[in-house]
Amino acid sequence: MSAKSIYILAIESSCDDTSAAILQNDTVLANVVANQSIHAAYGGVVPELASRAHQQNIVPVVQQALKIAGITKKELNAVAFTRGPGLMGSLLVGTSFAKSLSIALNIPLIAINHMQAHVLAHFIKDDKQAVPEFPFLCLTISGGHTQILRVSDYTEFEILGQTIDDAVGEAFDKSAKLLGLPYPGGPLIDKYAQLGNKKAFTFTEPKTSNELDFSFSGLKTAILYFLQREQKKNPDFIKENLHDICASIQHTIVSILMKRLKLASKQTGIKRIAIAGGVSANSSIRKALKATENTLGFTTYIPKFEYTTDNAAMIGIVGYYKYLKQDFDEENTVATSRLSINE
Ligand code: KG4
Ligand code: ZN
């Protein structure tokens, strides 16, 4: 690579977080995320409200990122943005903004696959953390996806297993909703689980015909029936047992994830294991993965907290690698709500 620094502005707006980041090569100078608290009142993301909030947030978020990075728009070499998968109205805000900026500044436009970005967040330069060597396995766990991938290169992803129904983030959020917790409930289940007994209640783990696939819809139903049964006996059951219920649910989910991940490692012989996506912020999955270093000789890659849930820094790192290959996109590139990891 030449000694010249490449400055990339990255935009992420696929769901309910508006984010802008500035990267200098593979180093993050700024990563600003505006969360949308408005959805909590509705128990989930309301697409129409999300796109409106993105429209309000996008300019201030980009301005703040430039300010933190200490550079001006004129110094930017390219603008990268999430083209999918995600909510169409939300994606359109980031896409239109990125296109306009690329035209106005006459700099290349780089369209990014959000799911690839979650995985490649591991390549953001960080003095404390090593980047994974290829090939490695990545358990990608978010509000929209649950996959075990064999990652052979920056652009080569093979899906070894995936969910056949709900994503694991949905399993956390829907369970939390049953407990009367606000959206997104995943982080709250994590918080309360740390105070409870994970063996207090047991939930049956679902079976799938492909051993590496996941299924979470049955678990949600099991939790619903369990809560209904217990509340009939004691109307205050949830309130009195919240920590134990959260710990037991989390324990079941983490056990489902870890069993398949270990099996994928056994089948492929790959012992370099990464986790990515919003649910990789979960303290129990982090602990369980770390423990495999001693028990199974895995080398594990756990992303920095700020790069787990949706953020633009992860969009920027993919943008940087695409920039090096001069892999640019045209102004007529369109946002797309459905996009597989390899597109
Ligand atoms: O990757 P992400 O920010 O958005 C998607 O692309 O989906 O993931 C969001 C998901 C939500 O379901 C949220 O509840 C979950 O990640 N999540 C967690 C934790 N932090 C975020 N789930 C469990 N434990 C956490 N600590
Ligand atoms: Zn995501």
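Predicted model: local features only at pLDDT ≥ 70, side-chain atom pairs only at ≥ 80, totals over all residues.
I began with the metal: the donors of the zinc ion (ligand 2) run along the chain with the spacing H-x3-H-x191-D. By donors I mean N, O and S atoms within 2.8 Å of the metal (3.2 Å for Na, K and Ca), and since water is not among the atoms, sites may look incomplete. Residues are numbered from 1 along each chain as its sequence is written, chains are lettered from A and ligands numbered from 1 in the order in which they are written, and side-chain values use heavy atoms, with hydrogens and water left out.

**Zinc**

Which atoms coordinate the zinc ion (ligand 2)? I found NE2 of His114, NE2 of His118 and OD of Asp310, at 2.0 to 2.2 Å. His114 and His118 are about one helical turn apart, because they sit 4 residues apart in helix H3 (residues 114–120). Helices here are DSSP runs (H or I, at least four residues), numbered from the N terminus. Both histidines, His114 and His118, are buried (under 20% relative accessible area; exposed is over 50%, partly exposed in between, with a 1.4 Å probe and protein chains only).

**Rings**

Next I looked up aromatic pairs, and the structure holds 14. Rings of Phe, Tyr and Trp (its six-membered ring) pair if their centres lie within 6.5 Å; planes under 30 degrees apart are stacked, over 60 edge-to-face, the rest tilted. Phe134 and Phe136 are stacked, 5.9 Å centre to centre with 25° between the planes. Phe134 is partly exposed at 25% relative accessible area, while Phe136 is buried at 0%. Phe203 and Phe226 pair edge-to-face, at 5.2 Å and 90°. Phe203 lies in the loop between helix H5 (186–193) and helix H6 (217–233) and Phe226 in helix H6, so their pair ties together parts 23 residues apart in sequence. I also noted a cluster linked by ring pairs: Phe123, Phe134, Phe136, Tyr154, Tyr320 and Tyr321.

**His54**

Is His54 buried or exposed? I have His54 down as buried, at 0% relative accessibility, and placed in helix H1 (residues 47–69). Its side chain has a polar contact of 2.8 Å with the side chain of Thr18 (a pair of N or O atoms within 3.5 Å; within protein, one must be able to donate a hydrogen and the other to accept it, and residues adjacent in sequence count only if both atoms are side-chain atoms). A polar atom of the His54 side chain also lies 2.8 Å from the backbone oxygen of Cys15.

Conventions:
Helix = DSSP H or I, 4+ residues; strand = E, 2+ residues; numbered from the N terminus.
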